[in-house]
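Trainee: Could you take me through this structure slowly, and let me ask what stands behind each word you use?

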Amino acid sequence: STSSEVLEVLAKHGFEAADKLSRMASLEKDNSTYYRSVEYDKGGNVKKVKGMLQYVQPDGIIHHSLNLCATATGRLSSSNPNLQNLPRDGTSRVKEMFESRFGKAGRIIEVDYSALEVVMLAALSGDENLLEQLIKGTDMHCLRLAAKLGEPYEEVLHKAVQNQGHPEHKRYKQMRTDIKPPSFAAQYGASAEGIAYATGVSVEYAKEFLETEARLFPQSIAFRGVVRAEVERTGELPEGLHREQDEVTGAWRIYRRGYWQAPGGARYSFRQWPQWNKELRQRVMDYKDTQIANYWNQGEAFYLMAVAAGRVIRWLLHVNFFANEEFPQGRVCFINNVHDALYLDAHESVYREVALMVKSIMETTPKYMDERLGYNISHVPFPAAAEAGKNMMDKEHVH
């Protein structure tokens, strides 16, 4: 395969040609996805138009769609175009295109939860060590690196982050960067083999990493077992038995569907799939470890984000979107949600007040969910950071 995913994996394993092809594919994707490319037939007639800029409306604004019921985890998705899929800062300049509708007098605001899924995992699982590290503001990547190296956390933090003049700073900074991909893969329930494939590390390194993770955060890892036990229990109920016909062979197969219910009432459904069992050395019907590990956590993390967004909109309605004679439609507009972040467009006269109020609303939403929705998560801090700037790329922290 020459898919972008395969090329990226090969590049991580040191294949220089794959790295160059991956970079070229990335540039071509930028052009056809985020700008505008036209495909012609042999007669010179327009055959196909691709790219985000085809969606610019007469008012100079792209009015994309946010879809409520298109993802398994409950998160919003975006289409026409997908404005949740803009390239990250440093890899492309696409975000510079997105400026305020108020022109030079406007600011694009982004308020983002910090490590939302990790914080939600700590809150739901009750992992005391993870809670303690979050409350202390521990650099989790340095903590993992310290555990791997068998060195004190303070020394690793000093070398990797705090003291840029340290003779070993460059090496420790790189090791801190290298430990991030396995961390994210492990968070999604990947096996040692899966981590090795996705990140380019050896299987031995991945196994050691997972062992270290289990020592650091035993309760959050064990909570996956709590979820699995409930899924298996409910899957064994009479209503958990289902059958389906294979699209390729036409054969019928039996599978079970179980669920885990969150404190707020959301029910996360899991189904069995054919999987290879190493111990039995045969294919069996079983639930996927990756879904058991993270599906419900993603869903609960976004549920908090959805409640926060609803509270922000209520506040904006209460203040009438800061409308005045000059701007009767308001001086602030809610423009997007990208997973753990809310985006707004505001006039410079109110942008700071808006950014700080949205940050406050997001940080107090766990308490609201405790009081109104039956949760017990407000004992964990859910920090959010507010930024604003002339465009979506060039932003500064708002204090």
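Mentor: What follows is a conversation about a pocket, a pair of helices and some individual residues.

Mentor: This is a predicted model, in which local features need pLDDT of at least 70 and side-chain atom pairs count only at pLDDT 80 or more, while totals for chains, interfaces and linings use all residues. Residues are numbered from 1 along each chain as its sequence is written, and side-chain values use heavy atoms, with hydrogens and water left out.

Trainee: Why is H3 described as roughly perpendicular to H11?

Mentor: The two helices, H3 (116-125) and H11 (218-235), pack at an angle of about 75°, and their axes are 9 Å apart. Angles of 65 to 115 degrees count as roughly perpendicular, whereas those under 35 are roughly parallel, those over 145 roughly antiparallel and the rest oblique, so H3 is roughly perpendicular to H11. The axes are lines fitted to C-alpha atoms, for helices over the stretch in contact, and the angles run from 0 to 180 degrees between N-to-C directions; helices themselves are DSSP runs (H or I, at least four residues), as strands are (E, at least two), numbered from the N terminus.

Trainee: Which residues of H3 and H11 meet?

Mentor: Leu-121, Leu-124 and Ser-125 in H3 meet Gln-219, Ser-220 and Phe-223 in H11, where contact means heavy atoms within 4.5 Å. The residues of this contact divide into three nonpolar, three polar and no charged, with Ala, Val, Leu, Ile, Met, Phe, Trp, Tyr, Cys and Pro counted as nonpolar, Asp, Glu, Lys and Arg as charged, and the others, Gly among them, as polar.

Trainee: What makes H3 mostly covered?

Mentor: Nine of the 10 residues of H3 are buried, among them Leu-116, Glu-117 and Val-119, and what covers the buried residues includes strand E5 (106-113), helix H4 (128-136), H8, H11 and H12. Buried means under 20% relative accessible area, exposed means over 50%, and partly exposed lies in between (1.4 Å probe, protein chains only).

Trainee: What is known of the second largest pocket, and how much space lies in it?

Mentor: About 820 Å³ of space lies in the second largest pocket, and of the 31 residues that line that pocket, the closest to its centre are Gly-189, Ala-190, Ser-191, Arg-224 and Asp-289. A pocket is an open set of points, on a 1 Å grid over the protein atoms alone, where a 1.4 Å probe fits, with protein on both sides within 12 Å along at least five of seven lines, and lining residues have an atom within 4 Å of a point. Grid points are joined across faces, edges and corners, and the volume is the space filled by probe spheres set on the points. The lining divides into 14 nonpolar, eight polar and nine charged residues, and H3 and H11 are among the elements that each supply at least two of its residues.

Trainee: Is Ala-386 buried or exposed, and how do you know?

Mentor: Ala-386, which is in strand E12 (residues 384-389), has a relative accessible area of 3% and is therefore buried.

Trainee: Why is Asn-320 called partly exposed?

Mentor: Asn-320, in the loop between H12 and strand E10 (332-338), has a relative accessible area of 49%, so Asn-320 counts as partly exposed. Asn-320 also has a positive phi of about 55° although it is not a glycine.
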